Amino acid sequence: MAAMKALIVGCGSMGLKHMASLESCDIEIVAAADPDFASVPPDIPKKYRDPLRAIAEYAKGNIVVIASPTEMHAEQTRAACEAGALGVYVEKPPAVTAEEWRPVVELAAAKNVRGCIGFNFRYHTVFRKLFAAPPDPQTVLVLSANDDVKAWPSYGPKSYTKDARSGGVLLTSLSHNIDMAIHLLGPVDKLSAAFGYDAQLTDADSQGVIVMLHRGGARSLSYVNWDRPPSAWASRLNAMSGAAVSLMDDQWATDRVQMHGRTMQAFLAYIETGDPGSLCLFADGLEVMRVIAAARRSWETRTGVDV
């Protein structure tokens with residue numbers, strides 16, 4: 001295979017992280033796009049304000065990395081597939097709704113475009129340790145975090161996290177937990193969810209909890225609150241034993257940085273070999289979006305729901 005080249009769509013904090021990961025793998029960044037033109041690094045050969053124009057002119061035969069706000073993901077991923085991209089890496093979550101994402105999954109399959117979603121906690125060492133042995137029907141996974149959203153590099157008056165439609169804790173943070181739970185325990189059959197709101201932080205939800213029953217009997221509980229002090233715990237319980245790990249421990253201090261690089265390396269290997277490893281593929285992302293839709297229904301109806 002000829003040397004791969006990449007187009008970056010979105011040059012915020014995540015887009016710049018992906019640029020660094022690609023450059024560390026000797027991938028040439030040939031173009032980048034962001035409506036905030038000043039955010040595009042000056043050494044990029046071709047710079048665009050219009051992401052769709054950049055995709056139309058540079059996607060064919062190249063890798064496209066989409067790190068724009070969530071509400072743009074589905075449209076830009078679809079455009080990259082239609083333009084003949086070699087592969088597409090789209091940030092999580094892949095869309096605002098399952099209905100937006102489903103036709104993109106179908107198009108990518110029809111066009112033979114290899115794609116993945118940036119649910120990079122699949123490459124965090126903690127989860128590999130917790131699930132060195134396969135789960136059984138009595139397994140319970142607990143994922144709990146306080147995340148000080150005001151400390152995020154992207155947080156501010158125009159932050160995507162504050163957007164009432166495509167921001168909030170469910171799409172931005174709990175989507176990670178949902179993906180991990182599905183990845184480790186299998187598809188979700190039923191769930192119950194509740195959300196809280198803090199208008200000083202965001203125009204969307206700022207805390208949430210989801211209890212999920214997985215096919216085969218395992219269960220998971222995910223909780224995220226956008227508040228201080230920062231903390232993150234992952235626990236695995238079953239009838240005979242249990243384990244709890246703080247993701248904030250010093251021994252994991254570099255892991256959240258390294259997992260970005262590991263995910264990108266796995267994506268590049270997937271393009272070359274066809275082996276997806278532990279990546280969240282486009283179809284896997286649709287399962288996450290179906291759970292997100294069910295969580296919204298649960299809170300609207302104040303009842304448990306089928307997924």
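I take contact to mean heavy atoms within 4.5 Å. The model I am looking at is a predicted one.

**Entry 1, the sheet**

I started with helix α6, residues 168-185, and asked which strands it lies across. They are β7 (140-146), β8 (188-196), β9 (207-214) and β10 (219-225). The helix runs at about 20 degrees to β9. I then looked at helix α8, residues 282-301, which packs on the sheet and touches β8, β9 and β14. Its direction makes about 55 degrees with that of β8.

Next I wrote down the strand order. The sheet is open, has seven strands and reads β12-β11-β7-β10-β9-β8-β14, with mixed pairing. I noted β12 (242-246) and β14 (305-306) at the edges. Each of these two has a single partner strand, so one side of each is left without a neighbour in the sheet.

At the β12 end I checked the pairing with β11, residues 231-237. The two strands are antiparallel and joined over five bridges. Leu237 has Gly242 of β12 as its bridge partner.

I looked up His214 and found it in strand β9. Is it buried or exposed? His214 has 1% relative accessibility, and I call it buried because the cut-off is under 20%. Its side chain reaches the backbone oxygen of Gly186 at 2.8 Å. Leaving aside neighbours within four places in sequence, I list among its contacts Ala181, Ile182, Leu185, Pro187 and Arg219.

I turned to the largest nonpolar core, which has 99 residues. Which element gives the largest share of it? Helix α6 does, with ten residues. Among the residues with the most contacts inside the core I noted Leu22, Trp101, Ile178, Leu191 and Ile210.

Beyond its neighbours within four places in sequence, Ile210 is in contact with Leu170, Leu174 and Ile178, among others. Its contacts also include Leu191, Leu221 and Ala295.

**Entry 4, aromatic pairs**

I searched the whole structure for aromatic pairs and got four. I wrote up two of them.

Tyr48 and Tyr58 have ring centres 6.1 Å apart and planes at 75 degrees, so I record the pair as edge-to-face. Tyr48 is in strand β3 (residues 46-48) and Tyr58 in helix α2 (residues 51-58), ten residues apart. Tyr48 is buried, with a relative accessible area of 3%. Tyr58, at 25%, counts as partly exposed.

Trp101 and Phe282 form another edge-to-face pair, 5.0 Å centre to centre with 75 degrees between the planes. Where do the two residues sit? Trp101 is in helix α4 (residues 98-111) and Phe282 in helix α8, 181 residues apart. I have both as buried: Trp101 at 0% relative accessibility, and Phe282 at 5%.

Last, I looked at Asp163, in the loop between β7 and α6. Its relative accessible area is 28%, and I note it as partly exposed. The side chain of Asp163 reaches the backbone nitrogen of Ser166 at 2.7 Å. Leaving aside neighbours within four places in sequence, Asp163 is in contact with Gly168 and Ala204. I also checked Glu71, which is 92 residues from Asp163 along the chain. The C-alpha atoms of Asp163 and Glu71 are separated by 9.6 Å.

How values were computed:
Residues numbered from 1 in each chain as written. Predicted model: local features only at pLDDT ≥ 70, side-chain atom pairs only at ≥ 80, totals over all residues. Heavy atoms only, no water. Pairing = 2+ DSSP bridges. Helix = DSSP H or I, 4+ residues; strand = E, 2+ residues; numbered from the N terminus. Axes fitted to C-alpha atoms, helices over the stretch in contact; angles between N-to-C directions. Buried < 20%, exposed > 50% of the residue type's maximum accessible area, 1.4 Å probe, protein only. Polar contact = N/O pair within 3.5 Å; in protein donor to acceptor, adjacent residues only side chain to side chain. Core = buried A, V, L, I, M, F, W, Y, C linked by side-chain atoms within 4.5 Å. Phe/Tyr/Trp six-rings, centres within 6.5 Å; stacked < 30°, edge-to-face > 60°.
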